[in-house]
Amino acid sequence: QNNTINHGDLNSKANQLAHWLINEENLIPGSLIAVSLDASIDLMVVILAIVKIGGVYVPIDPKFSTAKINTLLEESSVTHWLVDHSSQQNEVLIGITVVDVFDIASSLLNQSSNNLAIKSSEKSLAYLLFTTGLSKSTGIYHDALMNLLNWYQQEFQLNTDDNHLLMSSISFAMSQKILWT
């Protein structure tokens, strides 16, 4: 597949989803939101939208077993789980709102594509990552993420013409660097 999107369209789509998350789901800065999508433009839209509302995304590989997904959802205390049609949604924990991004696609068109006025503190969480096993999570703050990305961009002299290939699970720590560069 050769799916591409320019920065302006990515920003507009993320803004529409961000507005929808606030207007329809009443999510606020600091909300913990699980994400289980395959590597795609939609994955980037979802992650960017969560960050734009000041939320904390929790990447969970959609290929994990239902039992493992449920454990991660419970351990992370998320209130919402953003998925696509390929995700395993059966037997999900009660109390978690499951949002299929394909099911809401048409309602996003009614949302503003303007940037939100929400500003995240550099000392607020950007994402929560489960490391070597269940019950072991690491919170990554905005300032730490920016420091890594700035170093990565300078070290490898990255620019807007560069492309990266995401080959590992979104739950893998190094995938986060690739997603953001």
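This is a predicted model: local features need pLDDT of at least 70, side-chain atom pairs count only at pLDDT 80 or more; totals for chains, interfaces and linings use all residues.
**View 1. The whole protein, from end to end.** Starting at the N terminus, the elements follow the order α-β-α-β-α-β-β-α-β-β-α-α. Of the 181 residues, 42% are buried (under 20% relative accessible area, with exposed being over 50% and partly exposed in between, for a 1.4 Å probe and protein chains only).

**View 2. Helix H1 and its surroundings.** Helix H1 (residues 7-25) has 19 residues and spans 26 Å from its first C-alpha to its last, close to the expected 27 Å (1.5 Å times one less than its number of residues). At its start, a side-chain oxygen of asparagine 6 comes to within 3.1 Å of the backbone nitrogen of glycine 8. Just past the other end, asparagine 26 adopts a positive phi of about 55 degrees. Among the buried residues of H1 are Leu10, Asn15, His19 and Trp20. The buried residues of H1 pack against helix H2 (41-52), strand E3 (80-83), strand E4 (97-100) and helix H4 (105-108).

**View 3. The largest nonpolar core.** Here 32 residues come together, and Leu17, Leu21, Val46 and Leu82 have the most contacts inside this core. Such a core is a set of buried Ala, Val, Leu, Ile, Met, Phe, Trp, Tyr and Cys residues joined through side-chain atoms within 4.5 Å. H1, strand E1 (32-36), H2, E5 and helix H5 (142-155) each give two or more residues, and H2 supplies the largest share, nine residues. Leaving aside neighbours within four places in sequence, leucine 82 is in contact (heavy atoms within 4.5 Å) with residues including Ile33, Val35, Val99 and Val101. A second, separate core has 14 residues, including Ile60, Leu72, Val78 and Phe130.

**View 4. Strands E5 and E6, side by side.** Strand E5 (residues 125-130) is largely enclosed by the rest of the structure, because five of its six residues are buried. E5 pairs with strand E6 (residues 137-141) in the antiparallel sense over five bridges (pairing takes at least two DSSP bridges). Look for tyrosine 127, whose bridge partner in E6 is isoleucine 140.

Definitions and conventions: Residues are numbered from 1 along each chain as its sequence is written. Side-chain values use heavy atoms; hydrogens and water are left out. Helices (H or I, at least four residues) and strands (E, at least two) are DSSP runs, numbered from the N terminus. A polar contact is a pair of N or O atoms within 3.5 Å; within protein, one must be able to donate a hydrogen and the other to accept it, and residues adjacent in sequence count only if both atoms are side-chain atoms.
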